[in-house]
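Here are a few friendly notes to read beside the model. Keep the 3D view open and find each part as you go.

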Amino acid sequence: MTERKREQPAAGTGYHLKEVREGPLSFAGAENEAPGKCLGQWGEELAAAWLAERGYRILERNFRCRSGEIDLVALEGDCLVFVEVKSRRSLSFGSPCEGVTGEKRRRLLQTARYYCMLRRPETRLMRMDVVEILRRDGKSYIRHIRDAFGE
């Protein structure tokens, strides 16, 4: 069973992130990541497991085309969810979700349109989510932002 508790906001950020302990996906520090895996790959695996635990069905990982890449494509009930995963080891450059710039958002939306044209999903309900993961002081924190772009 996953243990979750509320943490105090990181100093000066205003963000409340949930602490996550996920068995083989958690690690005490960067040196314990699985060999050959970067923080981004590890974060995508953690996000997929975290979403699946909450009832999402992961349809695809790392869907790529000329316009860009979508980290995870999932189904939550009747809603097709495109998920961008952002992972960081510190807040020095802002929260992980701040890495989703206007240009990145434009490319994600264009890639999602292409995915729909190619795969022709049965559902018309769709949204874009962002999952941010912060590795800090030997702990993993995760924050799920549903309908991150409000479109």
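Predicted model: local features only at pLDDT ≥ 70, side-chain atom pairs only at ≥ 80, totals over all residues.

1. Residues are numbered from 1 along each chain as its sequence is written, and side-chain values use heavy atoms, with hydrogens and water left out.

2. Start with strand β5, residues 125-136. Nine of its twelve residues are buried (under 20% relative accessible area, with a 1.4 Å probe and protein chains only). Strands here are DSSP runs of E, at least two residues long, and helices are runs of H or I, at least four, numbered from the N terminus.

3. On one side, β5 runs parallel to strand β4 (residues 79-88), joined by ten bridges; two strands pair if DSSP finds at least two bridges between them. Arg88 has Leu134 of β5 as its bridge partner. Between β4 and β5 the chain passes through α2, a right-handed β-α-β crossover (clockwise from first strand over helix to second, with the strands pointing away from the viewer).

4. Strand β6 (residues 139-145) pairs with β5 too, antiparallel and over seven bridges. Val130 faces Ile145 of β6. Two residues lie between the strands of this hairpin, and Asp137 has a positive phi near 55°.

5. Now look at helix α2 (residues 102-119), where Tyr114 sits. Is Tyr114 buried or partly exposed? Tyr114 is partly exposed, as its relative accessible area is 33% (this class lies between the buried limit and exposed, over 50%).
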